[in-house]
Amino acid sequence: MIEKIINGIKYLLNEEDLTAEIIHKKGYEGDFIIPETVVSNGASFLVTSIGENAFFSCKSLTSITLPNSIKSIGMGSFTYCESLTSITIPEGVMSIGEGVFYGCNSLTSILVREENSVYDSRDNCNAIIEKITKTLICGCKNTTIPDSVK
């Protein structure tokens with residue numbers, strides 16, 4: 001595993017399975033699109049995870065687009081991204097860490113893609129719910145908790 005900065009983002013690159021984890025992006029402003037792949041030394045790496053606290057305190061980050069390749073979102077990944085207004089969780093996400101959107105006071109829209117097998121945002125509730133346990137993982141100021149959720 002090697003750390004490498006590519007287009008201003010620090011990644012942890014796994015040369016064995018050619019995957020990449022975002023481990024740090026400080027001070028980003030505006031809209032941000034996470035690429036599905038990054039290239040380093042001629043090799044293409046699939047971006048599969050967002051590391052713990054990766055976007056911590058990016059106070060001017062307003063939106064982020066996650067590719068379908070993302071499988072995990074680490075604990076506190078977007079903590080204190082105070083200007084973040086919406087997030088869509090792609091179908092491939094299998095794990096979401098605690099406090100992922102803590103302090104995101106502008107967050108008004110959370111949507112989980114219907115194709116996701118682990119999480120949902122049933123009844124347009126503006127939240128992330130774990131399907132099997134029916135547990136609320138994360139909400140925002142516009143969340144309406146369905147009666148089916150624990």
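Predicted model: local features only at pLDDT ≥ 70, side-chain atom pairs only at ≥ 80, totals over all residues.

Q: How many bridges join S12 and strand S13, and in which sense do they pair?

A: Strands of a sheet pair through backbone hydrogen bonds, either parallel or antiparallel. Strands are DSSP runs of E of at least two residues, numbered from the N terminus, and two of them pair if DSSP finds at least two bridges between them. Here, S12 and strand S13 (residues 127-130) are antiparallel, with 2 bridges.

Q: What is the order of the strands in this open sheet, and why is one side of S12 and of S14 left without a neighbour?

A: The open sheet has 3 strands in the order S12-S13-S14, with antiparallel pairing. Strand S12 (119-120) and strand S14 (135-139) are at the edges and each has a single partner strand, so one side of each lacks a neighbour in the sheet.

Q: How many aromatic pairs does the structure hold?

A: Rings of Phe, Tyr and Trp (its six-membered ring) pair if their centres lie within 6.5 Å; planes under 30 degrees apart count as stacked, over 60 as edge-to-face and the rest as tilted. The structure holds 5 such pairs. One of them is stacked: phenylalanine 55 and phenylalanine 78, at 5.2 Å centre to centre and 15 degrees between the planes. These two residues are 23 residues apart, and their pair links distant parts of the chain.

Q: Is phenylalanine 55 buried or exposed?

A: Buried means under 20% relative accessible area, exposed over 50%, and partly exposed in between (1.4 Å probe, protein chains only). Phenylalanine 55 is buried, because its relative accessibility is 0%; phenylalanine 78, also at 0%, is buried.

Q: Why is the pair of tyrosine 80 and tyrosine 102 edge-to-face?

A: Their ring centres are 5.6 Å apart and their planes stand at 85 degrees, so the pair is edge-to-face. Tyrosine 80 lies in the loop between S8 and S9 and tyrosine 102 in that between S10 and S11, so the pair ties together parts 22 residues apart in sequence. Tyrosine 80 is partly exposed at 31% relative accessibility, whereas tyrosine 102 is exposed at 53%.

Methods:
Residues numbered from 1 in each chain as written. Heavy atoms only, no water. Helix = DSSP H or I, 4+ residues; strand = E, 2+ residues; numbered from the N terminus.
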